[in-house]
Amino acid sequence: MTHQTHAYHMVNPSPWPLTGALSAFLLTSGMIMWFHFYYTTLLTAGLLASTMTMFQWWRDIVREGTYQGHHTSPVQKGLRYGMILFIISEVFFFAGFFWAFYHSSLAPTPQTGGHWPPTGIFPLNPMEVPLLNTAVLLASGVTITWAHHSLMEANRKESAQALSMTIALGIYFTYLQMSEYSETSFTISDGIYGSTFFMATGFHGLHVIIGTTFLTTCYFRQQLYHFTSSHHFGFEAAAWYWHFVDVVWLFLYISIYWWGS
Amino acid sequence: MAEEMKAKLKNYKTAPFDSRFPNQNQTRNCWQNYLDFHRCEKALSAKGDDVSVCQWYRRVYKSLCPISWVTDWDEQWADGTFPGRSELAAPPSPASSVLLPRW
């Protein structure tokens, strides 16, 4: 037997899971050293190690799938399940922060003055930049759908255009949100309002940046002819992730920005 | 009205059942009565009326609240940092003052 007689992918041994685990250890211990002792070396090493791990691990997946043909139908099905389960785990991650927010805001304690927003907190006006942010992300949902359809119709020009518009909208959202952060009269240490606001919106912002990076990777892969009109799971995974990020924002906007003001 | 209140105060044993707060956690009961005492004093002394009727709320919160809470809140009240809204009507929420420029 010199070749496999099944369609599954037996992955070659790889160092990246080990380097990933090591980088996770460096990141966690590095954060402790930074928070308590202002010492950043471990954290920097951890960030470097995790970035290199991610880059090389995903590069290898692209090599295995696009160049070596290992991503057969059942393999792709497994990748789909994987991405869906990952996104579900992220839903639970955000559920925690929404739980914290609702726990504190539905029954405000005497410390807050018995009402929400607490005394002394002046929330951002939900009808100003936050509403623009909502429009930006909704529009980016439209453009990424356009990109997907163009890709499926083998329209290279339009799929590149639509994908780059989606990325631009993602960057615009990040820019607007960063400027909003500098406009708030409250910080993360301003009581329970500050904590819930910045934990929820902060992690969301991080996910926007991750999603934008994923989309940018897809853009370059598309330019390098990695995708076909019928096989482009990397793009689909990025699109699912992007829609997830959009939905989380909608919940954030309605709960924290609008109802919570 | 004031005579009824004086009679109630004379016969006060402990805080009566308040159906607004039927459950085991009586935090809100304590808080509400503390707030109501201060609001009552503020409103009646502004109108120049007899403030002694407000003593009912004081008796209730003194019965219900942990002493440390009352101490803390009294200190905050004296400092002007008490977080509760002491006006009878809640002020308009800051987010609704759309016309106020914040730049």
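Glu236(A) and Arg80(A) form a salt bridge, with their closest N and O atoms 3.0 Å apart. The pair links distant parts of the chain. Glu236(A) sits in helix α7 (residues 233-259) of chain A, Arg80(A) in helix α3 (residues 73-106) of chain A, and they are 156 residues apart. A salt bridge here is a side-chain nitrogen of Lys or Arg within 4 Å of a carboxyl oxygen of Asp or Glu. Helices (H or I, at least four residues) and strands (E, at least two) are DSSP runs, numbered from the N terminus.

Some ground rules. This is a predicted model: local features need pLDDT of at least 70, side-chain atom pairs count only at pLDDT 80 or more, and totals for chains, interfaces and linings use all residues. Residues are numbered from 1 along each chain as its sequence is written, chains are lettered from A and ligands numbered from 1 in the order in which they are written, and side-chain values use heavy atoms, with hydrogens and water left out.

Back to that pair. Is Glu236(A) buried or exposed? Glu236(A) counts as buried, at 13% relative accessibility. Arg80(A) is partly exposed, with a relative accessible area of 24%. The cut-offs: buried means under 20% relative accessible area, exposed over 50%, and partly exposed in between (1.4 Å probe, protein chains only).

In chain B, Lys6(B) and Asp50(B) meet in a salt bridge, at 3.6 Å from N to O. Lys6(B) lies in helix α1 (residues 2-10) of chain B and Asp50(B) in the loop between α2 and α3 (55-64) of chain B, so the pair ties together parts that are 44 residues apart in sequence. Lys6(B) is partly exposed at 48% relative accessibility. Asp50(B) is partly exposed as well, with a relative accessible area of 41%.

Next, Asp18(B) and Arg20(B). Their side chains meet in a salt bridge at 2.8 Å, N to O. Asp18(B) counts as buried, at 19% relative accessibility. Over in chain A, a network of salt bridges links Arg59(A), Asp60(A) and Arg63(A).

Now chain B as a whole. It has 4 helices and 0 strands. From the N terminus on, its elements run α-α-α-α. Of the 103 residues in chain B, 30% are buried. Take the contacts in chain B with a separation of 6 or more: 63% of them join residues 24 or more positions apart. Contact means heavy atoms within 4.5 Å.

On to the interface. The size of an interface is often given as the accessible area lost when the parts come together. Chain B and chain A bury about 1,200 Å² between them, 54% of it on carbon and sulfur atoms. Buried area is the accessible area (1.4 Å probe) that two parts lose on being put together, summed over both.

What holds charge pairs here? The count between chain B and chain A is 0 salt bridges. Polar contacts do turn up: 3 residue pairs across the interface, both residues at pLDDT 80 or more. A polar contact is a pair of N or O atoms within 3.5 Å; within protein, one must be able to donate a hydrogen and the other to accept it, and residues adjacent in sequence count only if both atoms are side-chain atoms.

Aromatic rings next. The whole structure has 38 aromatic pairs over all chains. The rings of Tyr193(A) and Phe197(A) have centres 6.1 Å apart and planes at 15°, so this pair is stacked. Rings of Phe, Tyr and Trp (its six-membered ring) pair if their centres lie within 6.5 Å; planes under 30 degrees apart count as stacked, over 60 as edge-to-face and the rest as tilted. Both residues lie in helix α6 (residues 191-223) of chain A, 4 residues apart, about one turn of the helix. Both Tyr193(A) and Phe197(A) are buried.

Last, the backbone. The peptide bond from Trp116(A) to Pro117(A) is cis, with omega near -5°. Pro117(A) lies in the loop between α3 and α4 (129-152) of chain A. Tyr38(A) is not a glycine, yet its phi is positive, about 60°. Tyr38(A) is exposed, with a relative accessible area of 72%.
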